[in-house]
Amino acid sequence: MTDYNVYRFTKKEWICESVRALIIISFTGMLFFESIIGMLLLLPAVFFLMKDRKEKKMEERIIRLRNDFKEFVISFSSSVQAGYTMEQSVKIGVEDLKRLYPKQEREMIKELTWIYEQLKLQIPCEELFADLAGRSGIEEIRSFAVVMGIGRRQGGNLVRIARRTADHINRKVQIQMEMEQTVSGKAMEKKIMFAMPYFMVFYLRVTNASYMDVLFSNMTGHVIMLSCLILLWIANQWADRIVNIRL
């Protein structure tokens, strides 16, 4: 099964991301160094750009899993309250997700389909969801597995437990989404601030090229430009951590 804490590019993604990284490096090298040597100096940055894209895609996948799980739990809770068994409730949850995303191959649909097949083999529900929680690192799934396990072993009111668990997970995901919306404006400001040095250098080179010649004609200028790019990258990584708030 898929380990969601590790992201691997598909062949198509790898080609697209490699081309994207090389274009960025080429543009940056010519803009800040005006030489092939400058571009070669920046080639190691391709690794960091690819790594950054992997982390962003992995984060997007985790967000999809969390949001889809919220929808599943709501459906699961309603089915349990309607008198369906746990196995039937999981099946209904899968069908509801398929109706919600009819033309998309969602990771949660694949996982829940596999869980449903394992439930038919009499494998405990909490073990299957605990396995998914371990592979995804999503705390909401882990909590769901623990609560379902306690309810089954101690003979608790499964309907009440499912409803309360669904309400708790729904509130937590809603709070996370509200936090993301709150900081989305700051994230856009960060992107603009990151792009500003590029626009400033480009503007100076277009309007007054001789003003920048001192930075392109000697090694000291290249070192200064390289240092500025490194500081810009560090500031961007720092800003990413500030706006990336998680519960």
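Biologist: Why is cysteine 16 called partly exposed?

Modeller: Its relative accessible area is 45%. Buried means under 20% and exposed means over 50%, with partly exposed in between. The value for cysteine 16 falls in between, so cysteine 16 is partly exposed. Keep in mind that this is a predicted model.

Biologist: What makes cysteine 228 buried, partly exposed or exposed?

Modeller: Cysteine 228 has a relative accessible area of 42%. That value lies between the limits of 20% and 50%, so cysteine 228 is partly exposed.

Biologist: How many disulfides are there?

Modeller: A disulfide is a covalent bond between the sulfur atoms of two cysteines. The rule asks for a pair of cysteine sulfur atoms within 2.5 Å. By this rule the count is zero.

Biologist: Why is lysine 70 called buried?

Modeller: Lysine 70 has a relative accessibility of 9%. Buried means under 20%, so lysine 70 counts as buried. This lysine is part of helix 3.

Biologist: Which residues does lysine 70 touch, leaving out residues up to four places away in sequence?

Modeller: Lysine 70 touches Ile169, Asn170, Val173 and Gln174.

Biologist: What makes the pair of lysine 70 and glutamate 71 a polar contact?

Modeller: Their side chains meet at 3.5 Å. The cut-off for N or O atoms is within 3.5 Å, and residues adjacent in sequence count only if both atoms are side-chain atoms. Here the contact runs from side chain to side chain, so the pair counts as a polar contact.

Biologist: How do you know that glutamate 55 forms a salt bridge with lysine 51?

Modeller: The closest N and O atoms of the two are 2.8 Å apart. A salt bridge needs a side-chain nitrogen of Lys or Arg within 4 Å of a carboxyl oxygen of Asp or Glu, so this pair qualifies. Both residues lie in helix 3, four residues apart, or about one turn of the helix. Glutamate 55 is partly exposed at 37%, and lysine 51 is partly exposed at 41%.

Biologist: Why do aspartate 131 and arginine 135 count as a salt bridge?

Modeller: Their side chains meet at 3.0 Å, N to O. The limit is 4 Å, so the pair counts. Both are in helix 6, residues 125-136, about one turn of the helix apart. Aspartate 131 is partly exposed, with a relative accessible area of 33%. Arginine 135 has 10%, and buried means under 20%, so arginine 135 is buried.

Biologist: How many salt bridges does the structure hold?

Modeller: The structure holds 17 salt bridges. One of them joins the side chains of glutamate 117 and lysine 120, at 3.3 Å from N to O.

Biologist: Which residues make the nonpolar surface patch?

Modeller: Phe47, Phe48, Ile230, Leu231, Trp233 and Ile234 make the patch, which covers about 630 Å². Helix 3 (45-81) and helix 10 (219-243) each supply at least two of its residues. Helix 10 gives the most, with four.

Methods:
Residues numbered from 1 in each chain as written. Predicted model: local features only at pLDDT ≥ 70, side-chain atom pairs only at ≥ 80, totals over all residues. Heavy atoms only, no water. Patch = residues over 30% accessible without salt bridge, like charges linked within 9 Å, V, L, I, M, F, W, Y side chains within 5 Å. Areas by Shrake-Rupley, 256 points an atom, 1.4 Å probe, with all protein chains shown as cover. Buried < 20%, exposed > 50% of the residue type's maximum accessible area, 1.4 Å probe, protein only. Polar contact = N/O pair within 3.5 Å; in protein donor to acceptor, adjacent residues only side chain to side chain. Contact = heavy atoms within 4.5 Å.
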